[in-house]
Amino acid sequence: MNVSLILIILLVGAFATFLAGDKLASKVAFFFGLAAAGCSIVLLNHYNLGENISFINQWITQPNISFALKADGLSMAMLLLTTVLTPIIIFSSFGNDYKNSKSFYALILFMSFAMAGTFLASDGLLYYIFWELSLIPIYFIALIWGNGDAEERKKAVVKFFIYTLAGSLFMLVAFVYMYQKAGSFLLEDLYKLNLTATEQLWIFLAFFLAYAIKIPLIPFHTWQANVYQKAPTVGTMLLSGIMLKMGLYSVIRWQLPLAPLAAKEYMYIFIGLGIAGVIYGSIVALKQKDLKKLLAYSSLAHVGLIAAGTYTLTLDGLRGAVLQMIAHGFVVVGLFYVAEIIFRRYETRAIAEMGGIRSQTPKFTSMFLILVLASVALPSTFNFVGEFTVLYSLSQINIWFAILGGTTIILGAYYMLKMFQHAMLGETNTKIFADVTFNEGATLVIIIAVLFFFGMYPKPIIDLITPSLQEILTQINRIN
């Protein structure tokens with residue numbers, strides 16, 4: 001039994017969903033999503049018992065390309081994030097009707113397949129193929145089933161597609177250059193390369209362009225807010241909950257170990273870019289009147305802090321970044337789902353048109369408040385563990401980085417609580433707000449349970465990811 005089984009389940013699920021027809025599509029997709037999640041947990045148990053669940057097979061002999069899937073603690077953590085969030089996202093969509101739903105749900109599973117492949121691939125070209133494949137489904141999901149004016153939506157989605165594709169081409173050039181040196185795309189062979197400082201700088205920058213657009217980091221973020229707003233909520237959840245983690249994960253897995261000299265030389269610049277994103281995202285979020293746009297800029301601020309943590313090149317920084325990636329994945333999916341629940345009833349995302357909801361639905365209000373507090377890293381929530389660890393790592397580099405990075409908590413608390421106050425509190429709204437359905441309540445409860453459980457007891461994830469991160473740090477600190 002190895003990790004290729006997950007990819008098979010998701011790919012077969014995508015085709016089965018399409019063939020099932022519109023009536024059964026959502027249920028078939030949910031079944032395969034659950035099957036992939038269950039299989040991931042079984043594989044994790046095998047991995048924890050010391051079994052080798054990686055997969056490697058010669059794919060193409062000339063050029064030398066392998067179908068190589070690496071299962072270590074880091075990739076297993078990201079695989080679990082993908083396969084657990086996928087059925088949650090599918091289940092959250094059951095309250096909506098989609099035209100041509102067989103294509104819609106098939107694309108979700110295909111995107112999940114491509115993202116899982118990106119996290120597992122340990123051959124450079126295979127990784128690049130999965131990286132690009134993940135872009136195709138989200139392009140169609142946002143374009144066909146998105147919100148708002150069709151022309152504006154098309155502009156936003158095409159800009160995202162071109163931006164991401166263009167950035168990735170630089171990464172492909174870097175892989176081809178390294179292949180000419182190593183004669184292989186395998187990660188282990190690329191790690192062994194003795195590249196000069198100049199070569200490492202160019203490779204580092206080529207990777208940085210691809211990842212900075214995907215994450216996104218400023219000034220490469222201009223696609224993000226519009227796409228998050230225009231995409232259907234399911235698409236926004238996939239983008240913010242899982243897809244942007246591909247960029248952050250890739251910084252740790254590929255960029256830093258392949259170009260450690262450049263990473264050390266320009267560390268302060270890239271930490272500064274991450275922290276600039278924290279401050280910029282927080283300030284812009286303060287001014288937002290649309291709930292989805294506010295959450296998009298809030299996400300920009302949080303991922304800026306995660307990126308700053310990765311570029312510290314410390315164990316605490318990498319560990320905190322991975323913990324925060326997983327925590328952010330769950331909390332941002334929960335918050336976008338809250339925005340969708342409100343939209344189903346009021347058909348608006350304008351915060352000014354909300355208010356007075358609390359008196360009509362105290363249960364929903366309580367769950368929304370818990371997610372808001374989790375997003376601002378309240379102690380006992382999962383986000384606190386990640387953010388505290390990242391801020392501690394920043395303080396080891398320079399105390400001012402930690403102070404500036406900490407603005408994400410202060411400003412985040414201000415704009416999130418202000419948004420909650422305007423959206424939920426005040427005099428009872430004249431519009432009736434129906435209480436949450438069983439499906440809606442169950443989805444939110446599952447997300448909240450994950451945030452509290454790992455907020456109180458993060459040890460299983462820390463134990464899972466730490467050995468892999470130590471290996472990567474050893475590679476970063478090698479003497480060329």
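Select proline 63 to begin: proline 63 sits in the loop that joins strand S1 (55-60) to strand S2 (65-69). Helices (H or I, at least four residues) and strands (E, at least two) are DSSP runs, numbered from the N terminus. The peptide bond leading from glutamine 62 into proline 63 is cis, with omega near 0°. The model is predicted, so local features need pLDDT of at least 70 and side-chain atom pairs count only at pLDDT 80 or more, while totals for chains, interfaces and linings use all residues. Residues are numbered from 1 along each chain as its sequence is written, and side-chain values use heavy atoms, with hydrogens and water left out.

Next, select proline 219, in the loop between helix H9 (197-214) and helix H10 (224-230). The peptide bond from isoleucine 218 to proline 219 is also cis, with omega near 5°.

Move on to the loop between helix H16 (362-375) and helix H17 (382-397), where alanine 377 lies. Alanine 377 is not a glycine, yet has a positive phi of about 65°. Serine 380 lies in the loop between H16 and H17 as well, and its phi, near 90°, is positive too. Most residues other than glycine have a negative phi, and most peptide bonds are trans. Is alanine 377 buried or exposed? Alanine 377 counts as buried because its relative accessibility is 6%, whereas serine 380 is partly exposed at 24% relative accessible area. Here buried means under 20% relative accessible area, exposed over 50%, and partly exposed in between (1.4 Å probe, protein chains only).

Arginine 319, in helix H15 (residues 315-346), is the next selection. Its relative accessible area is 18%, so arginine 319 is buried. The side chain of arginine 319 makes a polar contact with the side chain of aspartate 316 (3.2 Å) and another with the side chain of threonine 466 (3.3 Å). A polar contact is a pair of N or O atoms within 3.5 Å; within protein, one must be able to donate a hydrogen and the other to accept it, and residues adjacent in sequence count only if both atoms are side-chain atoms.

Now display the largest nonpolar core, which has 177 residues. Such a core is a set of buried Ala, Val, Leu, Ile, Met, Phe, Trp, Tyr and Cys residues joined through side-chain atoms within 4.5 Å. H15 contributes the largest share of this core, 19 residues. Among the residues with the most contacts inside the core is Leu394. Beyond neighbours within four places in sequence, leucine 394 is in contact (heavy atoms within 4.5 Å) with residues including Ile271, Leu305 and Phe401.

Threonine 408 is placed in helix H19 (residues 407-424), and counts as buried because its relative accessibility is 1%.

Finally, select His302 and His328, two of the residues that line the largest cavity. A cavity is a set of points on a 1 Å grid over the protein atoms alone where a 1.4 Å probe fits but cannot get out; lining residues have an atom within 4 Å of a point. The largest cavity has a volume of about 60 Å³, a volume being the space filled by probe spheres set on the points, with grid points joined across faces, edges and corners. Helix H14 (291-310) and H15 each supply at least two residues of its lining.

Conventions: 1 Å grid on protein atoms, 1.4 Å probe; cavity = no way out; pocket = protein on both sides within 12 Å on 5 of 7 lines; lining within 4 Å.
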